There are 2 protein chains.
Amino acid sequence: MSEARTTRAAIIVIGNEILSGKITDSNSGFLARELRRMGVSLERIVVVPDVIAVIAATVRAAADEFDLVFTSGGVGPTHDDLTIAGIADAFGCPVVQHPRLRAAIERVGGDNPGAAMLKMAEVPEGAELVGDEGDIFPTVRIRNVYVLPGVPEIFEAKVRALGERFRSAPYHLRQIYVSAYETAIAEHLDATLAAFPELLLGSYPKLSHPEYKVRLTLESKDESYLDRALSDLIARMPPGFIVKIER
Amino acid sequence: MSEARTTRAAIIVIGNEILSGKITDSNSGFLARELRRMGVSLERIVVVPDVIAVIAATVRAAADEFDLVFTSGGVGPTHDDLTIAGIADAFGCPVVQHPRLRAAIERVGGDNPGAAMLKMAEVPEGAELVGDEGDIFPTVRIRNVYVLPGVPEIFEAKVRALGERFRSAPYHLRQIYVSAYETAIAEHLDATLAAFPELLLGSYPKLSHPEYKVRLTLESKDESYLDRALSDLIARMPPGFIVKIER
C-alpha cells in the first residue's frame with residue numbers, strides 16, 4: 001500500500017469547567033468528526049485545567065509530536081482565560097497585541113477599550129490570523145497551533161471558516177453489523193487483520209439493540225485495499241452472523 | 001486556609017472510535033461529575049488511540065503525577081482491546097489470568113472457553129479486584145490505576161459499585177448570574193481573586209440566554225472562606241448586574 005503521509009492532529013481543551021463536570025465538552029467531538037471527514041488523523045485529545053504551566057507543557061509536547069494542534073477555550077477577557085499566555089510560554093515568545101484584533105475591538109468598544117476588552121487582542125508574538133471570513137473574528141494561528149474559543153457556537157463557526165485547508169486523502173468506510181457477540185467473531189477479525197495489517201478495524205458492541213450485537217467499522221485511505229479486506233472478512237464470517245453491510 | 005491535601009485524579013479514555021468521531025465519549029463527563037461530588041480534583045482527561053506504546057506512556061505518566069487514574073475502554077475480547085497490555089507495559093509487569101475472573105468466565109462460557117473469552121480474564125500481574133457487588137464484574141485495580149470498560153452502561157455501573165471510596169472533603173459551590181458581559185466584570189473578578197487567592201472562580205458566558213450573560217461559579221472546600229469571598233464579590237458588583245445568587 002502506498003499513500004502520502006497522513007496528517008496527524010491533537011486537540012487540547014482548556015478549562016476547569018470541563019474537568020469539574022460543570023460543562024460537557026462538545027467541541028472536541030465536533031472537531032474530531034470534521035477532521036475525519038477531511039482525512040486528518042486525530043490522535044490525541046487532552047483536557048487541561050486553567051493553569052499556564054500545564055497549558056504550556058501540553059501545547060509544547062503536542063506541537064512537537066503532531067502536525068496540527070487545535071486548542072479550545074480559555075481565550076475570553078477574564079482571569080481564567082490563560083490560553084494565549086500558555087501558548088506564548090510554550091514557544092518562549094512574549095504576548096503582544098495584534099493590530100488587526102485591536103482595530104476590531106476598537107470598532108466595537110470605542111477608542112479607549114478597557115483592559116478586559118484589550119486582553120482579547122493579545123496573541124503570542126509571531127501569530128497570524130487565518131480563516132477570516134464574513135463577520136466572525138479570525139482564528140489565531142502560531143506555528144502549527146490553531147487557537148479556538150470554548151463557546152461551542154463560536155468554536156464551530158470558526159472551524160467552518162477554516163474551511164478545507166487541512167484536507168488530505170479521505171478515509172473510506174465500510175460497516176458490518178453482526179448478530180453474534182464479540183467473543184464469537186474475535187478470531188475472524190484477527191485473521192483478516194493478519195492478512196490486511198494496514199486495515200483500520202473497529203469492533204463496537206451494542207448492548208440491547210434489537211437487530212445487532214456488534215458494529216464493525218473497516219477503514220482505509222486505499223479504497224481497493226479496503227474492499228479486498230471487506231471481502232476477506234465477509235468470507236470468514238459463519239453463516240447468519242452478518243445482519244447488514246454498509247458500503 | 002488549612003485543609004487536607006486534595007486528591008488529584010486523571011482519566012485516560014482509550015479508543016480510536018472517540019478520536020475518529022464515531023462515538024461520543026460520555027464516560028469522562030460522568031466520572032468528572034462523580035469525582036467532583038466526592039471532593040476529588042480531576043486535573044486531566046486524555047483520549048488516546050488503541051496503541052499499546054501510547055497507552056503505556058500515558059498511563060505511566062498519569063500514575064506518577066496523579067493520586068488516582070481511571071481508564072475507560074479497550075477491555076473487550078477483540079484485537080483493538082489493548083488497555084491491559086498497555087497498563088502492564090507501563091508498569092513493566094506481565095499479563096496474567098486472574099483466577100477469579102477466569103472462574104467467572106467459566107461459569108458463563110463453560111469449562112473450555114475460547115481465547116477471546118479468556119482475554120477478558122487477563123490483568124497486569126499484581127492487580128486486585130475491587131468494587132465487586134451484586135452481579136456486575138468487579139473493577140481491576142493495579143497500583144493507583146482503576147480499569148473501567150468503554151460501554152457507558154457498564155462503565156457507570158462499575159463507577160457506582162466503587163462507591164464512596166474516593167470521598168474527601170467536598171467542594172462547596174455558590175453561583176452568581178450576571179446581566180453584564182464578561183468584559184464589564186473582569187476587573188471585579190480580579191479584585192476578589194486578589195483578596196481570596198484560594199477561591200476557585202469560574203466565569204462562563206452564555207450566548208443568547210434571556211436572563212443572564214455570564215454565570216460565575218465560586219468554589220472552595222472551606223465554606224467560611226467561600227462565603228467571605230462571595231460577599232466580597234457581591235459588594236464589588238455595580239448595582240443591577242446581579243440577576244440571581246445560588247447558595
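Analyst: A definition comes first: Lys and Arg count as positive and Asp and Glu as negative, while His and the chain ends are left out. Note also that this is a predicted model.

User: How many Å apart are the mean positions of the positive and negative charges of chain A?
Analyst: Chain A carries 27 positive and 34 negative charges.

User: What share of the residues in chain A is buried?
Analyst: Chain A has 247 residues. A residue is buried when its relative accessible area is under 20%. The buried share is 55%.

User: How many helices and strands are there in chain A, and what does its C-alpha trace span?
Analyst: Chain A holds nine helices and twelve strands. Along the principal axes, its C-alpha trace spans about 75 × 40 × 35 Å.

User: Which parts of chain A does the salt bridge between A:Arg141 and A:Glu128 tie together?
Analyst: The two side chains meet at 2.3 Å, N to O. A:Glu128 is partly exposed, at 35% relative accessible area. The partners are 13 residues apart in sequence, so the bridge ties together strand 7 (residues 139–142), with A:Arg141, and strand 6 (residues 128–130), with A:Glu128.

User: In chain B, how far apart in sequence are the parts tied together by B:Arg5 and B:Asp67?
Analyst: These side chains form a salt bridge of 2.6 Å, N to O. B:Arg5 sits in the segment before strand 1 (8–14), and B:Asp67 in the loop between helix 3 (52–65) and strand 3 (68–72), so the tied parts are separated in sequence by 62 residues.

User: Is B:Arg5 buried or exposed?
Analyst: The cut-off for exposed is over 50% relative accessible area. B:Arg5 has 61%, so B:Arg5 counts as exposed.

User: Why are B:Arg236 and B:Asp232 separated by about one helical turn?
Analyst: The pair forms a salt bridge, with the closest N and O atoms 2.7 Å apart. B:Arg236 is partly exposed at 32%, whereas B:Asp232 counts as buried at 18%. The separation is about one turn because both lie in helix 9 (residues 223–236) of chain B, four residues apart.

User: Which residues are linked with A:Glu34 in a network of salt bridges?
Analyst: Side chains of opposite charge can pair when their charged atoms come close. Over all chains, the search finds 29 salt bridges. The network links A:Glu34 with A:Arg37, A:Glu164 and A:Arg167.

Note on methods
Residues numbered from 1 in each chain as written. Chains lettered and ligands numbered in written order. Predicted model: local features only at pLDDT ≥ 70, side-chain atom pairs only at ≥ 80, totals over all residues. Heavy atoms only, no water. Helix = DSSP H or I, 4+ residues; strand = E, 2+ residues; numbered from the N terminus. Buried < 20%, exposed > 50% of the residue type's maximum accessible area, 1.4 Å probe, protein only. Charge placed at Lys NZ, Arg CZ, Asp CG, Glu CD. Salt bridge = Lys/Arg side-chain N within 4 Å of Asp/Glu carboxyl O.
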